[in-house]
Structures are given as C-alpha cells and as structure tokens.
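Hi,

Here is the structure I promised to pass on. Have a look at it first, and my notes follow below.

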Amino acid sequence: MNKDYTPIDCSLYDHYEAWATLRTELLISHRDGTGALRTISGVISDLMNREGAEWMVLGSGLEIRLDRLVEVRPSQAR
C-alpha cells in the first residue's frame, strides 16, 4: 500500500460501486494534486487499485484518488 494513502471505509466504497453500477450522475468534491478543493459532476466508470492506492475513474477520464474525496452525492439534476 502507498504509505501516504489513507484507506477509505468499506461502506463508502460499497456506495461508489453501487453508483457506478447504476450509472448515477454525482456531484463530487475532492482535493486535487495541489490540495485545492474542486467540485465536479460525473459518472463513475471504474474503481481500481494502482500504485498502492484506490482510484475512481469518471466517464470523462478524470482519475481521483479515493482518500482525496471530500463529498460524493447523487446530483439533483436528472
């Protein structure tokens, strides 16, 4: 495991998997590589392990390390 990665709670991971399966449009707040807070919308296309950390891949191709997520919730727009 990457020594600077903090594993997330399993129940959160389960939510991410369910939203990916259901192709749920999400609002995602996360810290980027510089530590700045970003909020985007998107659909999870994959969850993966790489370099000792867990990652979320969005349909846009953006990859977010799971321990950098601040808030993930379904979008109200449908």
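This is a predicted model: local features need pLDDT of at least 70, side-chain atom pairs count only at pLDDT 80 or more; totals for chains, interfaces and linings use all residues.

Ser29 comes out at 12% relative accessibility, and because buried means under 20%, Ser29 counts as buried.

Ser29 sits in strand S1, which covers residues 26-31. Its side chain makes a polar contact of 3.0 Å with the side chain of Thr39. Leaving aside residues up to four places away in sequence, Ser29 touches Leu37, Arg38 and Thr39, and also Arg68, Leu69, Val70 and Glu71.

Now the sheet around S1. Three strands make an open sheet in the order S2-S1-S6, with antiparallel pairing. Strand S2 (37-42) and S6 are at the edges with a single partner strand each, so one side of each has no neighbour in the sheet. From one strand to the next, the twist averages 15 degrees. S1 and S6 pair over 5 bridges, and Leu26 has Pro74 in S6 as its bridge partner. Helix H1 lies across S1 and S6, at about 45 degrees to S6.

Then there is the core. The largest nonpolar core has 18 residues, and Tyr16, Ile28, Ile44, Met56, Leu66 and Leu69 have the most contacts inside it. At least two core residues come from each of H1 (10-22), S1, S3 (44-50), S4 (53-58) and S6 (69-74). Leu69 touches Ser29 as well as Tyr16, Ile28, His30, Met56 and Ile64, again not counting residues up to four places away in sequence.

Cheers

Key. Residues are numbered from 1 along each chain as its sequence is written. Side-chain values use heavy atoms; hydrogens and water are left out. Helices (H or I, at least four residues) and strands (E, at least two) are DSSP runs, numbered from the N terminus. Buried means under 20% relative accessible area, exposed over 50%, partly exposed in between (1.4 Å probe, protein chains only). A polar contact is a pair of N or O atoms within 3.5 Å; within protein, one must be able to donate a hydrogen and the other to accept it, and residues adjacent in sequence count only if both atoms are side-chain atoms. Contact means heavy atoms within 4.5 Å. A nonpolar core is a set of buried Ala, Val, Leu, Ile, Met, Phe, Trp, Tyr and Cys residues joined through side-chain atoms within 4.5 Å. Two strands pair if DSSP finds at least two bridges between them. Axes are lines fitted to C-alpha atoms, for helices over the stretch in contact, and angles run from 0 to 180 degrees between N-to-C directions.
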